[in-house]
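Dear colleague,

Please find below the structure that I am handing over to you. My findings follow it.

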Amino acid sequence: MQGRALRVAVLGCGVVGTQVVRLLTQLRSDLASRVGTPLELVGVAVRDLDSARAGVDRALLTTDAETLVENADIVIEVMGGIEPARSLLLRAIASGASVVTANKALLAQDGPTLYAAADAAGVDLYFEAAVAGAIPLVRPVRESLAGDRILRILGIVNGTTNYVLDQMATEGLDLDLAVKQAQELGYAEADPTADIEGYDAAAKAAILASLAFHTRVPLSSVYREGITAITADDVAWAARTGHVVKLLAIAEQTDAGVSVRVHPSLVPVGHPLAGVHGAFNAVFVEAEAAGELMFYGRGAGGAPTASAVLGDVVSVARHRVLGGRGPVESRYADLPLLAASAAVTRYQVRLDVADRPGVLAQVAAVVAAHGVSIDAVRQAPQLVPAETPAAHALAHLIITTHAATDAALSATVAAIAELDSVTRVVSVLRVEGA
Ligand SMILES: NC(=O)c1ccc[n+]([C@@H]2O[C@H](COP(=O)([O-])OP(=O)(O)OC[C@H]3O[C@@H](n4cnc5c(N)ncnc54)[C@H](OP(=O)(O)O)[C@@H]3O)[C@@H](O)[C@H]2O)c1
């Protein structure tokens, strides 16, 4: 065993923190062998010293996080939120500690400040657990694929919304019931807004896109749309047209720049992401030389997230033993960030139209006039009450387009809605992964 033990401080002892402490304690001897020196847990910062924390030695608990971080070689931040997490990490870095965080919200909002501070102090900033929990993704993107060119990332990076959409598809539940069920099972918070409105996925998308494209991608440049507008009807029609609805985080590089967005998408049933069920996460990466890669696993939960945290701890600890540092911020490419309206994708538009000859041609003409090309049209009878006179009968029209810009599609849909023969634009969903 070389040198002195490395002092490790943990900020936060909740869902993730208790598991981090458990692994640090239970794997103590293995970790010492893997690092080359023991990791000594010197303290765990919490708000409430009296809360029950299974398996955590109470003597380690403190409410004095400031002093704790100044006397550590490695600081693990699993408290969440922006402040005081941000100030504590900066204080830790200024004191010469390497830091490991699972805090996607903080990284997406203020990553550059943390990177700059870590750079100035010559210490490591690691954050594998901030994106997709246990799934190794940050390391593959910033290290394993550093010799390639990443073209596109399509990810299911929020387990709550995947569980909700999966229950809607497999059990026929409506959104509210599926969210309620997710809450009962502990997959969703009491206030599910961050998940179902796509904020959590947007933060992860910003982090991943920054790494993949060597360009700073602020959270404000990520287009975000949650799943609250998705109906049981959307999910049922998706199945009828050979798709599943997934909330995707998408980051892609085109000739014009980088587009990063989070929105519900129709994914063809044959695509690997379509088979991701329950609260699992999966990320599909397309790289120029490597081709298609898929990363799959548990994106949240105490133990899975702690696994990713501990992997980072071993990496930064090895650097302290052997010298050297992990990757620093890479933003040399500085690519333009594209507005959501410039994103190019396929769409599926569902309409209620009058069930009479010529309607299809009328709609197709409007679509063509806006420069959007139709890939397929399907007409299905609409269920209407039996007493409805034939003249008022409706048909359901499902139009799938070829790739079009968001701006062109929006203009097309607005013009279609004006047609006398169109009763209602029922839904407009993007089709990804086709
Ligand atoms: N949960 C997951 O599955 C998961 C997955 C990936 C990433 N993450 C990230 O991991 C982080 C932690 O998540 P979590 O689910 O473990 O949160 P959590 O269960 O709410 O735990 C937060 C912990 O931080 C402590 N804390 C909060 N504010 C504090 C303050 N001002 N001073 C001292 N201690 C403070 C709390 O202390 P008290 O216990 O005394 O209140 C609690 O122990 C977040 O950034 C989250 O985004 C979580």
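A residue counts as buried when its relative accessible area is under 20%, and as exposed when that area is over 50%. The model is a predicted one.

By this cut-off Ala132 is buried, because its relative accessible area is 0%. The residue belongs to the loop between strand 6 and helix 6 (138-144). Asp334, however, is exposed, since its relative accessible area is 59%; its loop runs between helix 12 (302-322) and strand 13 (344-354). Most residues other than glycine have a negative phi, and most peptide bonds are trans.

A further backbone feature concerns Pro84. The peptide bond that leads from Glu83 to Pro84 is cis, with omega near 5°. Pro84 is located in the loop between strand 4 (74-77) and helix 4 (85-94).

Regarding the sheet, six strands form an open arrangement in the order 3-2-1-4-5-6, with parallel pairing. Its edges are strand 3 (61-62) and strand 6 (125-126), each of which pairs on one side only. Strand 2 (residues 39-45) runs parallel to strand 3 and is joined to it by two bridges.

As to the overall division, the chain comprises domain 1 (6-133 + 302-322), domain 2 (144-298) and domain 3 (343-431). The centres of domain 1 and domain 3, taken over C-alpha atoms, are separated by 53 Å.

Yours sincerely

Conventions:
Residues numbered from 1 in each chain as written. Predicted model: local features only at pLDDT ≥ 70, side-chain atom pairs only at ≥ 80, totals over all residues. Heavy atoms only, no water. Pairing = 2+ DSSP bridges. Helix = DSSP H or I, 4+ residues; strand = E, 2+ residues; numbered from the N terminus. Domains from an automatic or database assignment. Buried < 20%, exposed > 50% of the residue type's maximum accessible area, 1.4 Å probe, protein only.
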